[in-house]
Amino acid sequence: MNFRILALLGLLIGGLAGLAPVTVPAAEPASPQKTEISAEASAALQRMSEALRAQQFGFQAQTIRVYAGPKGEPLHIFHTLDVTVRRPNRLLVSRNGDDGPGKLAYDGKTLVVYASDGNKYASIPVPGTIEAMMKEAMGRLGVDFPLADFLTDAPGTSFLSGVTAGHIVNTVTIDGTPCLHMFFLQPPGIELELWVEKNDKSLPRRLIVTYRSLPGEPNFIATFSNWNFSVHPADADFVFQPPAGAVKVALKPSAASGSAAGAKSPGGAK
């Protein structure tokens with residue numbers, strides 16, 4: 001995966017309390033390796049990429065991620081994300097979960113992240129595209145977001161960045177829909193399982209990222225549903241309106257800015 005940008009949604013998912021970004025150790029540079037990705041897996045990702053390059057669409061994702069407790073113990077936090085995309089430069093994510101509601105809004109000029117816990121929000125001026133915004137957010141916040149690959153300009157290419165091997169495991173049925181279960185390896189210790197619909201769109205239905213090189217071998221789990229390519233969001237839908245009493249806070253620059261590029265993080269929640 002190219003971005004693994006838990007950056008912007010790392011704050012969204014983890015909340016804005018303290019606004020201290022979760023830093024992620026950079027992956028050790030991997031020696032050049034021969035890429036062995038099966039033709040069937042490549043074809044499925046290409047179909048997925050074409051579908052997700054649509055001008056506008058929406059979907060829902062339910063996620064489970066790991067975060068460190070007070071004594072370093074691995075704990076889990078659950079969220080539901082409702083995502084609306086309008087290319088090239090509009091993104092809206094409404095979140096609800098164990099730590100309450102939150103929102104991310106990008107209107108093509110400014111990225112705003114809001115958390116109801118504390119009624120706080122932060123903004124970053126980032127004109128450009130969704131992909132450029134995610135790069136900027138990763139650099140500012142220093143954390144990662146495994147679902148970001150699906151929102152880039154070339155989702156299939158982003159997903160395969162750094163991946164050295166991949167193949168189709170089998171065909172399974174998810175909520176009545178036949179799906180291809182695929183496995184990918186990204187050195188030095190990241191394993192990806194991706195389930196996509198077995199049809200001409202290959203829409204994602206599940207993602208599991210396992211971090212073999214981290215203590216406890218934690219993972220990130222996402223299930224996708226409610227794909228909708230008939231949405232017609234207006235410009236106003238992506239403009240953040242602060243709730244009554246909301247406090248704007250400044251983002252702290254990351255001490256390890258950009259260090260997470262090329263590495264996927266399981267953390268981000270606080």
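**A walk through the predicted model**

Let me begin with contacts, meaning heavy atoms within 4.5 Å: in this protein, residues 24 or more positions apart account for 61% of the contacts with a separation of 6 or more. What we have here is a predicted model, in which local features need pLDDT of at least 70, side-chain atom pairs count only at pLDDT 80 or more, and totals for chains, interfaces and linings use all residues. Residues are numbered from 1 along each chain as its sequence is written, and side-chain values use heavy atoms, with hydrogens and water left out.

The protein has four helices and 13 strands, taken as DSSP runs numbered from the N terminus (helices H or I, at least four residues; strands E, at least two). Of its 270 residues, 49% count as buried, where buried means under 20% relative accessible area with a 1.4 Å probe, protein chains only.

In helix α3, residues 130-141, we find M133, which counts as buried because its relative accessibility is 1%.

Now to the backbone, where most residues other than glycine have a negative phi, and most peptide bonds are trans. R87 and P88, however, are joined by a cis peptide bond with omega of about 10°, and P88 sits in the loop between β3 (74-86) and β4 (90-97). A cis bond also joins P187 and P188, with omega of about 10°, and P188 is in the loop between β9 (177-186) and β10 (190-197).

Finally, N119, which is not a glycine, has a positive phi of about 50°, and its place is in the loop between β6 (110-115) and β7 (120-125).

Conventions
Buried means under 20% relative accessible area, exposed over 50%, partly exposed in between (1.4 Å probe, protein chains only).
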